[in-house]
Amino acid sequence: MADATTAAQSAPAHAPAQRRVPTFNGYSVWAMYRFQMVRFFRTLGESLATPVITTALYFVVFGSAIGSRMPPVVEGLQYGSFLVPGLIMLSIFTNSIFNASFGIYFPKFTGTIYELLSAPISYLEIVIAFVGAAATKSVILGLVILATAYFFVPVKILHPVEMVLFLALVSFAFSLFGFIIGIWAQSFEQLNFIPMLVVTPLTMLGGVFYTIDMLPEAWQGIAQLNPVVHLIAGFRWAFFGLQGDNVAISLGVTVVFVGVLLAVVAWMFKTGYRLKN
Amino acid sequence: MSPVLSIRGLNKSYKGGLVALKDINLEIEKGEIFALLGPNGAGKTTMINAVCGIVTPTSGDITAAGFDVRKDYREARSRIGLVPQEMHIDIFETVWAVTSYSRGLFGMPPNDAHVEKVLKDLSLWDKRKTKLMELSGGMKRRVLIAKALVHEPEILFLDEPTAGVDVELRRDMWGLVRQLRDKGCTIILTTHYIEEAEEMADRVGVISKGELIVVEEKKALMRKLGKKTVTFNVNEPLTAIPDGLKEWQLTLKDSGHALEYTFDTQAERTGVTSLIRKMGDLGIQFRDLDTKSSSLEDIFVSLVHTPKAEAQPKATAQKV
């Protein structure tokens, strides 16, 4: 700090700034969002390689090896193509949860959460930045997996705009869910607990590899209680126009899911649950 | 002039029954350097965290720069900088990245020139591209200070800022704190190094078991609570304190070669003159004498080990 004195004499270095904080703290949100995204892009290869390779293997095994021996799901739609929306959703669910939960758990783990808690920001701004960054990563991942799918199977998208919107909405919803898990978790083991115990079974039973009407009749009713079924059905509609009558339900389920999660996050920040004290 | 920081009736209790803060009342003026002293677990960090929004108080009102820290938390927090006691840093990021991030996080527009100036003032400019994991402990501490300063706060909390840093860096930090004060920044620091408070603070607060037992101008505190010790180096060694000197409650030191007398500088009669006279009467001659004033550390130790009822009457300058 040899130059501290001379520097201070030359100009006011740390004089308090005059300020007025706006209603929406855009600079703060951008700083948090950018910080998360820079980390993602710094490890872009690792972030994308694993899900892309996993999905490619699904296409090879289920799309080509098994799918080639199966009859078309509906006329003109091969099983391999049918898998594409479900596999994208599968990656979106797991990666959204992982990215968002890790994003908020890491500052808790390192202690840097103190800075977030003492910053002039609302919980909603924190959510927008952290969940927004996690959702952005998932959307990028989803699009990369879609591009990968073109190498293995023919893919058509009947409603591309709706497909992207649905992708973004589901990414945001599951990122929000992951964000809550990240706040709740008190160890790395707990960070994986909910995804492994709840999300993976719901996803595997959610119609990634089949349509619900392929299930025995008794199971079809039970499957309707699984929200993942509706999310995958809605996304699949955007691709192939299948099960169009379920789109409203899919959107409704997603919006209700987001609403409930936002309420939980608001409660967590208001009470400081596993954040403060 | 209204205080830049006002704390009224602040209490913090935890679910398990631990009472961390008890009815804290404190006002700090703009441009002050205020040192908060107290043993481990006294409540120093809890108090700072309550002001900064990291801990939710059980009750009480806090305003920073005129803004309620709960109702107007955006305005209040944007004016506060915090250097935490623990080394909470993202070790995988660079010095530049974390410092720029902190500026943005506190709602300030990007200003690379200002970030550069802060890093240069803290001798971190050469390390701006270095990941924090590669820095020494002292350098990491500087990064925490840079992060707290980069959004140009009006109030800066330094929670044990020089814990574990070398003497040179400690001196540098003291210089920096004075510069900040000269520019209008209010500094509240907690420290274990009494020397630090003695060197820098305008006022001193002592917190013990969650209670603020004394708030006083540093000089006045030292004057009021300060004791002086006079040591007589006697010509002939003594085996015991003579009966005639019992009333002065002397201590025999240096194998009987020295007699030590401690007295209250504020007392109407210090007793030194009568002691010397009495020693002369008893034929006790001394070669020379040393005098020593008590340090802030001595005062601090005596305060935290004194029941509140005894300490409180002396704390006359608590501005509430």
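Rings of Phe, Tyr and Trp, the last taken by its six-membered ring, count as a pair if their centres lie within 6.5 Å. In this predicted model, a search of the whole structure on that basis finds 26 aromatic pairs over all chains. In one of them, the ring centres of F62(A) and F209(A) are 4.9 Å apart and the planes stand at 35 degrees, so the pair is tilted. F62(A) belongs to helix 3 (residues 44–66) of chain A, and F209(A) to the loop between helix 8 (188–204) and helix 9 (217–223) of chain A, so the pair ties together parts that lie 147 residues apart in sequence. The relative accessibility of F62(A) is 27%, and F62(A) therefore counts as partly exposed. F209(A), by contrast, is buried, with a relative accessible area of 13%.

A tilted aromatic pair is also formed by W267(A) and Y273(A), with 5.2 Å from centre to centre and 40 degrees between the planes. W267(A) counts as partly exposed, at 45% relative accessibility, and Y273(A) counts as partly exposed at 25%.

Helix 11 of chain A covers residues 247–271. Buried residues of helix 11 of chain A are V247(A), S250(A), T254(A), V258(A), L261(A), V265(A), M268(A) and F269(A). The buried residues of this helix pack against helix 6 (123–149), helix 7 (160–184) and helix 10 (227–240) of chain A. After helix 11 of chain A comes G272(A), which has a positive phi, near 75 degrees.

In chain B, two lysine side chains place their charged ends over aromatic rings. The charged end of K12(B) sits over the ring of Y14(B), at 4.8 Å from the ring centre. The charged end of K120(B) sits over the ring of W125(B), at 5.2 Å from the ring centre.

G17(B) is placed in the loop between strand 1 (5–13) and strand 2 (19–28) of chain B. With a relative accessible area of 51%, G17(B) is exposed, because the limit for that class is over 50%. G17(B) and L282(B) are separated by 265 residues in sequence and, C-alpha to C-alpha, by 59 Å in space.

Methods:
Residues are numbered from 1 along each chain as its sequence is written. Chains are lettered from A and ligands numbered from 1 in the order in which they are written. This is a predicted model: local features need pLDDT of at least 70, side-chain atom pairs count only at pLDDT 80 or more; totals for chains, interfaces and linings use all residues. Side-chain values use heavy atoms; hydrogens and water are left out. Helices (H or I, at least four residues) and strands (E, at least two) are DSSP runs, numbered from the N terminus. The expected span of a helix is 1.5 Å times one less than its number of residues. Buried means under 20% relative accessible area, exposed over 50%, partly exposed in between (1.4 Å probe, protein chains only). Contact means heavy atoms within 4.5 Å. Rings of Phe, Tyr and Trp (its six-membered ring) pair if their centres lie within 6.5 Å; planes under 30 degrees apart count as stacked, over 60 as edge-to-face and the rest as tilted. A charge sits over a ring if NZ of Lys or CZ of Arg is within 6 Å of the ring centre and within 35 degrees of the ring normal.
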